[in-house]
Amino acid sequence: MDLGIVYHIEDAHQFWSELEDILQVSASSTLTRLDAALRNFVSFCATYHEQYLQTPVQLEHACCLLLDSEIFNFHSERLSSLVITDALSNTDPHAQLILHSVLRLYGRRHASFFRSPKKWPELIPLLMDHILLVDVDCDVYTSGSSNAWRGGIGIPIEARLRQLAVMILYEVCRVQKFDTARLNVFNDAFIDRLFDLVEVTRDMQDETVNYCIIKLIVALNEQFMVSALQPDKEDSHDKPKTVNRVIQILIRRLGSSKTFGENMIFMLNRADRSAEDRCMQLLVLKILYLLFTTPGSQEYFYTNDLHVLVDVFIRELVDLDEDSDSLRHTYLRVLHPLLTHTQLRSVPYKRPQLLRTLESLVAHAEIREVNPTTKRLVERCLSASWAVQLKKEREAQASASSQTGSMSPLSSDAGSAQANFQSTSHFLHPVAAPHPLKDERYMKFSKSVDKPKPKARPRPTPAVLELRRASNESSLSLLSVAGAAPAPLHRHSPASPTPSLPPPSSKSRLHSNANASRRADPKRHTADSPHPPLTRTSPPRYRPAPAPPPKRRKPPAVPSRSTKALVCEGSTITTIASSKSVSISVPSPLSRVS
């Protein structure tokens, strides 16, 4: 697009200033002047986009300047058609990048632009050429860093055009309904190339390119599904049923397209509550339904991926609000073949959680309104063999637990009655004594009961009691015991039961009489007794603590050997030997009085 205008741009500030000046058109301008302003804008951006429009954010900002300008607001229908015409006729890839970016942003602002069937039939083949005819360079997708792809720095213009064409085709396929003639444009070679791009871009840290291609594939799958379900009424008898090329090609390359299935589940798991992600979830669930119900593709996914898919289903069925009934119904439609046609039919995974989730969707129907479609789909899932068997096991466990709970009071009453009967029969019918020859270890439980009582000891004689009584006779007769002569030894005959005691002396008789009188009256204390009577309840006596030593008086200060004295205003200060520094005291006020 050569308009004969040459620009010399030195910095980014000058670039954006010139871009705004191009869009400044007077109100009295003609339509030709408006068309020239648009083409001048596209040519200027195509010339300097590699220097000043490197990132997608910068490119989007430049396109938004055009869409927000007055010339586009008042003449949007004419200028949008002009953009499509220039995109079909202009062969400059840099200019096509700007034109396709403007078309995409304008269509996202105005949904009717993508739904118009008259504007896109000629542009769709051109967009497909950017995907088909350009060779897939694996080094471009694997060697570049994620930051480079996000920023667009160092990426060939062909790769950027391919990504942009995929995004526009997805938007068109998402909102339009293609007939059989328009679906024939998407041939096997094109769909096969899309699956190849999914595998090529799998190692990129930036998943935008990979996810865009997967979205285009699932959008095309929906187009084939709708075309197969609702054939044209005019030529339905003459033409055969439309074949879903997406599923047919995927079955043909099941072993080489694992990334498509893995990333599709990953996208479903990361979807949020936005309108765009809701649409993507519906498209992914539809292709999952076909994969689970079509023979040959039912075991396409790995078992671990199916486990992740079950977790996603449980979470979404619980978290979806009441306004998302269509999405919830789609989840329920896919859940039944997921559990009955895939590896999960023989490898159970979280079946109790699934059963509780399904029952919660239709529970409490007497206090809330349950959607009839939801109830029908839930009943279909609960009619599967895994759900019926699980409900039978749950009912059996509940009945067993109820029987155990009902029998527990009777068993306790029976046990208590049996214990009472045994205790009563013990008194009515005494138990026979065990045989003395039986082993004692078998009777350990009754050893404490059958232990014989100890034999009664003979009552001690008064003489023994006299000796056992406590007295202080030993302390009173220490001198007599020390001066007494040793008693002679007597041999006792075997016939005499007790030995004969020597006759007590007079002194000992006095002491014994005194002791007898004390025992008769222990509280009596006379003056002639040298010591008070000893009792066991008297507290022990402790020696008083010694008195503390007297405080030593501090010795007086010793004058030092030096005879020098300090005289300060009438007072004399003498140094002391114990002092290490000389201190000068302030003179007393009384010293000044004469």
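The side chains of R108 and E171 meet in a salt bridge, with N and O 3.1 Å apart. R108 belongs to helix 6 (residues 93-109) and E171 to helix 11 (residues 157-175), so this pair ties together parts that are 63 residues apart in sequence. Do keep in mind that this is a predicted model.

**Salt bridges**

- The count comes to 18 salt bridges.
- K215 forms a salt bridge with E276, and their closest N and O atoms are 3.7 Å apart.
- That pair links distant parts of the chain, with K215 in helix 14 (residues 208-229) and E276 in helix 17 (residues 275-293), 61 residues apart.
- K215 is buried, with a relative accessible area of 16%, while E276 is partly exposed at 34%.
- Through shared partners, salt bridges join R108, E171, R174, K215 and E276 into one network.
- Another salt bridge brings together the side chains of K119 and E77 (3.1 Å, N to O).
- K119 lies in the loop between helix 7 (111-115) and helix 8 (123-132) and E77 in helix 5 (residues 76-89), so the pair ties together parts that are 42 residues apart in sequence.
- E77 is partly exposed, its relative accessible area being 49%.

**Aromatic rings**

- There are 17 aromatic pairs.
- One of them is the stacked pair of F178 and F186, 5.9 Å centre to centre with 15 degrees between the planes.
- F186 also pairs with F190, this time tilted, at 5.8 Å centre to centre and 50 degrees between the planes.
- Elsewhere, F15, W16, F44, Y48 and Y52 form one aromatic cluster.
- A ring also meets a charge: the charged end of K258 sits over the ring of Y302, 4.8 Å from its centre.

**Helix 20**

- Helix 20 (residues 351-362) has 12 residues and reaches 17 Å from its first C-alpha to its last, close to the 16 Å expected.
- Its buried residues are R351, L354, L355, T357, L358 and L361.
- Seen down the axis of helix 20, these buried residues fall within an arc of 165 degrees, so they line one face of the helix.
- Just after helix 20, H364 takes a positive phi of about 55 degrees.

Definitions and conventions
Residues are numbered from 1 along each chain as its sequence is written. This is a predicted model: local features need pLDDT of at least 70, side-chain atom pairs count only at pLDDT 80 or more; totals for chains, interfaces and linings use all residues. Side-chain values use heavy atoms; hydrogens and water are left out. Helices (H or I, at least four residues) and strands (E, at least two) are DSSP runs, numbered from the N terminus. The expected span of a helix is 1.5 Å times one less than its number of residues. Buried means under 20% relative accessible area, exposed over 50%, partly exposed in between (1.4 Å probe, protein chains only). The arc is that of the directions from the helix axis to the C-beta atoms. Rings of Phe, Tyr and Trp (its six-membered ring) pair if their centres lie within 6.5 Å; planes under 30 degrees apart count as stacked, over 60 as edge-to-face and the rest as tilted. A charge sits over a ring if NZ of Lys or CZ of Arg is within 6 Å of the ring centre and within 35 degrees of the ring normal. A salt bridge is a side-chain nitrogen of Lys or Arg within 4 Å of a carboxyl oxygen of Asp or Glu.
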